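Here's a quick tour for anyone meeting this structure for the first time. Have a look at it below, and then we'll start with its rings.

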Amino acid sequence: MSPRFLLAVMIPFFAVAEAGAESFKYWAARGAREEREKDPKAAFSSYSNALSMWEEDDGSAGKAKVLCARSALREKEGDDAGALDDLSNCLALDKKNAKGHHRRGALRLKAGKTPEAIGDFYKAIALDIRFAQAYADRARAYEGQGEMGFAREDYRQACSLGVK
């Protein structure tokens, strides 16, 4: 092969590889890989890069997934306010995410925002009628408000679904 032919083949390859490194999908995939490799700081950085690169044609589902993943990293680091913000942005894009509603409810309950937490637990249960932990957490929220009748019903339902 001639050197000129190799250049003609390799330059477009490197241009595509470099462009891919500056895309939402590249950074999102990298963040997921770093999370699997137990490197949360690098994963957080990659997810943040992905979000800064996001464009409409990348789709809202991917953005929601990255926001939820980054919120989990924030929560593990003790940044509950940041986690709550990311989860709220995730749920604005993915309204049918039962686990996201449950996680946001748990964060709101922890922050003392009990009525908002109960609302999130209701949404989680409406999306997944067998979401045992959402029943248990909603019961705990009701109990905190002194609404023992509702708490008892939710604890009963949570137990019937396997929560101890």
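## Aromatic pairs

How many aromatic pairs does the count come to? The count comes to 2, where rings of Phe, Tyr and Trp (its six-membered ring) pair if their centres lie within 6.5 Å, and planes under 30 degrees apart are stacked, over 60 edge-to-face and the rest tilted. Tyr26 and Trp27 make an edge-to-face pair, because their planes sit at 80°, with the ring centres 5.2 Å apart. Trp27 is buried at 14% relative accessible area, while Tyr26, at 32%, is partly exposed. Here buried means under 20% relative accessible area, exposed over 50% and partly exposed in between (1.4 Å probe, protein chains only).

The pair of Tyr142 and Phe150 is tilted, with 35° between the planes and 5.1 Å from centre to centre. Tyr142 is buried at 7%, and Phe150 is partly exposed at 48%.

## Where the numbers come from

This is a predicted model: local features need pLDDT of at least 70, side-chain atom pairs count only at pLDDT 80 or more, and totals for chains, interfaces and linings use all residues. Residues are numbered from 1 along each chain as its sequence is written, and side-chain values use heavy atoms, leaving out hydrogens and water.

## Two cores

Now for the inside. The largest nonpolar core has 18 residues; such a core is a set of buried Ala, Val, Leu, Ile, Met, Phe, Trp, Tyr and Cys residues joined through side-chain atoms within 4.5 Å. Helices 2, 3, 4 and 5 each give it two or more residues, and helix 4 has the largest share, with 6. Helices are DSSP runs (H or I, at least four residues), numbered from the N terminus. Apart from this core lies another, of 11 residues, including Ala98 and Tyr135.

Phe24 is among the residues with the most contacts inside the largest core. Beyond its neighbours within four places in sequence, Phe24 touches residues including Ala50, Trp54, Lys63 and Val66, contact being heavy atoms within 4.5 Å. Two of those meet each other as well: Lys63 lies over the face of Trp54, 4.2 Å from the ring centre.

## Helix 6

Helix 6 covers residues 98–110. Its buried residues, among them His101, Arg104 and Leu107, pack against helices 4, 5, 7 and 8. After the helix comes Gly112, with a positive phi near 85°.

Key: The expected span of a helix is 1.5 Å times one less than its number of residues. A charge sits over a ring if NZ of Lys or CZ of Arg is within 6 Å of the ring centre and within 35 degrees of the ring normal.
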